[in-house]
Amino acid sequence: GESISSFSKVVIACTFLNNRFIVKNPKELTECETQNKPLSKSSVKNPARGNEEESAPNIAYPIGTFLISQKSINIEWHPVQNATSYILQVEASNSIKKIYKTENTKLSIEIPQDCRSFSVIIKANLTNGNSKVNIYSYNIISKDEEVKIKSYLGKIEKTLLSKQEKMILKLSVLGDYGLFQDSLELVKNQINMNSKNSEIYISLGDVYLNAGLVSRAEKSYFL
């Protein structure tokens, strides 16, 4: 949480979002509570997906399971020992939409545009002829939700709050919808502008923690 000394800032922060926040104590932003959270998304705090075996290909980015609609996303995964190549298969509505083959651990994939959810099956081909497989599932938020989110973020940007305070409020909105990858990109942009601010790294750790990535969160807290 972040304490804000100015009462006017708290009023702005807690009223501009159509009563999105309720103030219990106007002295601290930490006492604001959000209303009407989409529980189906915000409850996904620890997206346990795929094979937990260390030798299986584990996706590093994007984090979380919810995404804003877009034509493509960049996928990055941890290299698998003795892997010679990787195959990524995109599935939606019980059918294969796209297959990719690569020797790298980064790839841009097209998102199926005719459905609200899809899966990425990533297979590592090993030198001994065996393979390791992992499956990751993603959900696309609705257009109505996307419009609401953009409206909230726009209102936050127009306030008189500092960049740090705006970031915290934006992270709250994005987190409510399970958009942890967008949260991560927001924090990293702030780090690029002000890498010496230790509070930003706390926010980075919070993003990782909310996405269920405990080890990454711990590293961020102690940067």
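Student: What does the accessible surface of the protein chain come to?
Tutor: About 12300 Å². Carbon and sulfur atoms hold 48% of that area. Keep in mind that this is a predicted model.

Student: And how much of the chain is buried?
Tutor: Buried residues make up 44% of the 223 residues.

Student: Switching to secondary structure. How many helices and strands?
Tutor: Seven helices and ten strands.

Student: In what order do the five strands of the open sheet run?
Tutor: S4-S10-S9-S6-S7, with mixed pairing. The edges are S4 (66-67) and S7 (95-102), each pairing on one side only.

Student: How does S4 join S10?
Tutor: Through two bridges, and the two strands run parallel. S10 covers residues 131-140. Phe66 has Asn139 in S10 as its bridge partner.

Student: Now the sheet of three strands. Is its pairing parallel or antiparallel?
Tutor: Antiparallel. It is an open sheet too, in the order S3-S5-S8. S3 (59-61) and S8 (106-110) are the edge strands.

Student: By what angle are neighbouring strands there turned against each other?
Tutor: By 40° on average, ignoring direction.

Student: Which residue stands opposite Ile59?
Tutor: Trp77, in S5. That strand spans residues 72-77 and pairs with S3 over two bridges.

Student: What do strands of a sheet pair through, in general?
Tutor: Backbone hydrogen bonds, in either a parallel or an antiparallel arrangement.

Key:
Residues are numbered from 1 along each chain as its sequence is written. This is a predicted model: local features need pLDDT of at least 70, side-chain atom pairs count only at pLDDT 80 or more; totals for chains, interfaces and linings use all residues. Side-chain values use heavy atoms; hydrogens and water are left out. Two strands pair if DSSP finds at least two bridges between them. Helices (H or I, at least four residues) and strands (E, at least two) are DSSP runs, numbered from the N terminus. Axes are lines fitted to C-alpha atoms, for helices over the stretch in contact, and angles run from 0 to 180 degrees between N-to-C directions. Buried means under 20% relative accessible area, exposed over 50%, partly exposed in between (1.4 Å probe, protein chains only). Accessible areas come from the Shrake-Rupley method with a 1.4 Å probe; for residues, only the protein chains shown count as cover.
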